[in-house]
Amino acid sequence: MKPAPFDYYAPTSVEEALATLQNLGYDGKVLAGGQSLIPAMNFRMARPAALVDLNKVKELFYIKPTDDGGLAIGTMTRDSLVEKDPLVAERFPIVPFVVKHIAHPQIRNRGTFGGAIAHADPAAQIPALSVALKARFLVRKQGGERWVNAEDFFMGPFMTVLAPEEMLAEVVLPPMAKGSGASYQQVSRQKGGYAQAAVISVVVVDENKRCKDARVVLFSVGETPILSQAASKILVGNVPTAEAIAEVAEKISKDEVDPGTDIHGTAEYRRHLVKVLVRRGLTEAFERAK
């Protein structure tokens, strides 16, 4: 199929892009990598009146270290660059491991780190990863900007707090704490396919091997990335025993996810996957933290 008719704009600077979005209002839609938006337009699931293509805005392509040991990633930075960047691997080894599970290399060569976040697909890896790592987003509009925490950014399937005249400009990952460990677990029907259920676990332990922090984020089992409340409630302040991890897995699978049923699996099957993946993920994350 072909997309519905639309106007096309290709700004070459952030200021020009923001001015264009301001003028277009609800008619405008940002085009970043386009690996999700263009197929949706071809199937007429998305019908923007105008596209604002950011691929010529070179100032949005970067990976920079922050003074505190974190990273700042421009919204147009290609997934494949994030996957292969040595500084990313050094400071956040979980990031390239998760990114390499996104579709196939051809998709990652065009897809963008910020574009995936702004698109807010509930089955996508990078939105969930940003929540797990406590990312902060720089949101800009003509004449102003604001910062938004990742866990406050996603409102529903393909819905975010971005206003029509705003765009996501930068993703900042704060440094991982001493004693951190992380794990990524997913089940998909084929390599490169969407996950039927997936879990990102990031934990911190103290010198006595007690849990100081536990962030378990699930996706493909709800309308947005789901940050577990049970994980921190049960684990923080305690030694992460196999029994405690099993309790977390049981609690999350029963009370904190809302999977759907489709031709690929039932809701009950996905709840079972969640329980298994949470247990595996937390066990691996704590082992790496030690």
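This is a predicted model: local features need pLDDT of at least 70, side-chain atom pairs count only at pLDDT 80 or more; totals for chains, interfaces and linings use all residues.

Colleague: How should I read a sheet, and in what order do the strands of the open sheet lie?

Modeller: Strands of a sheet pair through backbone hydrogen bonds, either parallel or antiparallel. Helices (H or I, at least four residues) and strands (E, at least two) are DSSP runs, numbered from the N terminus. Two strands pair if DSSP finds at least two bridges between them. Here five strands form an open sheet in the order β4-β5-β10-β6-β7, with antiparallel pairing. The edge strands, β4 (63–65) and β7 (144–149), each pair on one side only. Neighbouring strands of this sheet are turned by 25 degrees against each other on average, direction ignored; the axes are lines fitted to C-alpha atoms, for helices over the stretch in contact, and angles run from 0 to 180 degrees between N-to-C directions.

Colleague: How many bridges join β6 to β7?

Modeller: Six bridges join these antiparallel strands, β6 and β7, and K141 stands opposite G144 in β7. The two strands form a hairpin with two residues between them, and G143 in the turn has a positive phi of about 85 degrees. Strand β6 is also joined to β10 (residues 167–173) by five bridges, again antiparallel; there V139 has L168 of β10 as its bridge partner.

Colleague: What is a nonpolar core, and which residues touch the most other members of the largest one?

Modeller: In soluble globular proteins, nonpolar side chains tend to be buried together. A nonpolar core is a set of buried Ala, Val, Leu, Ile, Met, Phe, Trp, Tyr and Cys residues joined through side-chain atoms within 4.5 Å. Buried means under 20% relative accessible area, exposed over 50%, and partly exposed in between (1.4 Å probe, protein chains only). The largest core has 39 residues, of which V95, I117 and F137 touch the most other members. Helix α8 (residues 125–132) gives the most to this core, with five residues. Apart from it lies another core, of 28 residues, among them V199, C211, V257 and A289.

Colleague: With which residues is F137 in contact?

Modeller: Contact means heavy atoms within 4.5 Å. Leaving aside neighbours within four places in sequence, the contacts of F137 include I117, W147, F153, F154 and L168.

Colleague: Is A128 buried or exposed?

Modeller: A128, found in helix α8, is buried, with a relative accessible area of 0%. Beyond its neighbours within four places in sequence, A128 is in contact with I200, V217, F219 and P225. A128 and T224 are 96 residues apart in sequence, yet 8.3 Å apart in space, C-alpha to C-alpha.

Colleague: How should I read the span of helix α11?

Modeller: The expected span of a helix is 1.5 Å times one less than its number of residues. Helix α11 has 23 residues and reaches 32 Å from its first C-alpha to its last, close to the 33 Å expected. Its buried residues include R270, L273, L277, F286 and A289. Among the elements that cover the buried residues of α11 are β11 (180–188), β12 (195–205) and α10.

Colleague: How many salt bridges are there?

Modeller: Side chains of opposite charge can pair when their charged atoms come close. A salt bridge is a side-chain nitrogen of Lys or Arg within 4 Å of a carboxyl oxygen of Asp or Glu. By this rule the count is ten.

Colleague: Which parts of the chain does the pair of K134 and D213 link?

Modeller: K134 and D213 meet in a salt bridge at 3.1 Å, N to O. The pair links distant parts of the chain, with K134 in the loop between α8 and β6 (136–141) and D213 in strand β13 (residues 211–219), 79 residues apart. K134 is partly exposed at 41% relative accessible area, and D213 is partly exposed at 22%.

Colleague: Is R270, which meets D262 in a salt bridge, buried or exposed?

Modeller: R270 is buried, at 5% relative accessibility, whereas D262 is partly exposed, at 39%. Their salt bridge is 3.2 Å, N to O.

Definitions and conventions. Residues are numbered from 1 along each chain as its sequence is written. Side-chain values use heavy atoms; hydrogens and water are left out.
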